[in-house]
Amino acid sequence: MKELEEYLVTLRDSIDTKIPNALNTAKSLPYVRLAFGLSDLLDEFARVMVEVSTWLLDKLIEILKGALAPYFMYRLSGEWSEVRSTVTSTQSTLDANNLPAVRLWKGAAQQSYFRTATTQSAAAGKLGDIADKTRTTLLVAAGAGLAFYIGMALIVKQFLTALAIDIGLLAAGFTAIGGFADFLKTTGITTAQVTAAVTAIGVIVSNQATALRDLESLAADNGTFPDDAQGKPGWPDSLAGTFADASVEGDGESKWRLN
């Protein structure tokens with residue numbers, strides 16, 4: 001971002017000051033005033049330089065609006081990693097095979113506890129899948145964004161190097177004819193590179209939009225979240241009311257007992 005912002009300042013200065021000053025310097029040269037048509041050629045040279053530099057400046061301003069996005073995506077991916085770690089740990093803890101109560105209890109309460117723990121473990125696993133896919137999507141988007149801005153910085157730097165040379169050619173006047181062709185070549189390369197980079201990031205953004213829709217679909221799927229005690233879709237019920245048959249062995253009423 002810092003480099004791109006510095007390049008933006010350089011571009012503005014070139015458009016507003018350096019190119020006009022170079023043109024004025026060239027037109028003040030004796031042989032430029034005497035050579036037929038050379039002054040007009042220099043005007044055209046300067047006009048094209050300003051036009052292309054302005055086009056790149058506008059693109060750069062537009063692109064910089066989203067420059068912080070990759071950073072925030074990377075930060076958010078770390079937060080989703082923490083979410084995934086928490087819920088997958090919960091999933092393992094709630095695994096019926098890891099619960100001593102399921103092994104010790106018998107009867108209806110054991111079966112109820114087993115069903116509840118199993119559904120809760122599956123629900124935690126579903127949250128882990130969502131968190132993992134979200135983390136991965138954010139990381140891919142952050143990496144693509146970073147690569148895009150690095151690439152843009154290299155393109156603009158390359159253009160500014162050529163522009164500085166061509167401003168010098170403009171000021172010299174007599175080298176304008178050869179420099180004009182070189183500048184047009186540089187311009188073609190730069191615009192093609194910027195267009196290709198913007199197109200590429202557009203494809204990536206489109207892919208991320210698809211991934212977001214997939215995540216929304218995954219989050220909306222309540223298949224892993226069975227109805228709660230009130231018959232509404234939600235997190236599996238863990239309230240004591242689920243185990244209403246619980247009583248002490250030996251009282252003649254228990255439907256379950258400890259081993």
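Visitor: Is Ser-121 buried or exposed?
Guide: This model is predicted. Buried means under 20% relative accessible area. Ser-121 has a relative accessible area of 10%, so Ser-121 is buried.

Visitor: Which residues does Ser-121 touch, not counting residues up to four places away in sequence?
Guide: Start with the setting: Ser-121 is found in helix H6. Leaving out residues up to four places away in sequence, the residues Ser-121 touches are Gln-91, Leu-94 and Asp-95.

Visitor: Why does Ser-14 count as buried?
Guide: Ser-14 has its place in helix H1, residues 2-27. The cut-off for buried is under 20% relative accessible area. Ser-14 counts as buried because its relative accessibility is 3%.

Visitor: What does Ser-14 touch, not counting residues up to four places away in sequence?
Guide: Sequence neighbours up to four places away are set aside here. The residues that Ser-14 then touches are Ile-19, Pro-20, Leu-163 and Ile-167.

Visitor: How far apart are the end C-alpha atoms of H4, and what span should its residues give?
Guide: H4 has 25 residues. At 1.5 Å a residue, they should span 36 Å. The end C-alpha atoms agree with that, for they are also 36 Å apart.

Visitor: Which residues of H4 are buried?
Guide: The test is again a relative accessible area under 20%. In H4, the buried residues are Pro-70, Ser-77 and Val-87.

Visitor: Which helices each supply at least two residues of the lining of the largest pocket?
Guide: The largest pocket holds about 510 Å³ of space. Its lining has 23 residues, and Ala-69, Met-73, Ala-141, Val-205 and Gln-208 lie nearest its centre. At least two lining residues each come from helix H3 (38-64), helix H4 (69-93), helix H6 (107-172) and helix H7 (176-220).

Visitor: How many residues of that lining are nonpolar, polar and charged?
Guide: Take the largest pocket by class. Two of its lining residues are charged and five are polar. The nonpolar ones number 16.

Visitor: Which element gives the largest share of the lining of the second largest pocket?
Guide: The second largest pocket has a volume of about 240 Å³. It is lined by 13 residues, with Met-1, Ala-67, Leu-146, Tyr-149 and Ile-150 closest to its centre. H1, H4 and H6 give two or more residues to this lining. The largest share is five residues, and it comes from H6.

Technical notes:
Residues are numbered from 1 along each chain as its sequence is written. This is a predicted model: local features need pLDDT of at least 70, side-chain atom pairs count only at pLDDT 80 or more; totals for chains, interfaces and linings use all residues. Side-chain values use heavy atoms; hydrogens and water are left out. Helices (H or I, at least four residues) and strands (E, at least two) are DSSP runs, numbered from the N terminus. Buried means under 20% relative accessible area, exposed over 50%, partly exposed in between (1.4 Å probe, protein chains only). Contact means heavy atoms within 4.5 Å. On a 1 Å grid over the protein atoms alone, a cavity is a set of points where a 1.4 Å probe fits but cannot get out, and a pocket is an open set with protein on both sides within 12 Å along at least five of seven lines; lining residues have an atom within 4 Å of a point. Grid points are joined across faces, edges and corners, and a volume is the space filled by probe spheres set on the points. Ala, Val, Leu, Ile, Met, Phe, Trp, Tyr, Cys and Pro count as nonpolar, Asp, Glu, Lys and Arg as charged, and the others, Gly among them, as polar. The expected span of a helix is 1.5 Å times one less than its number of residues.
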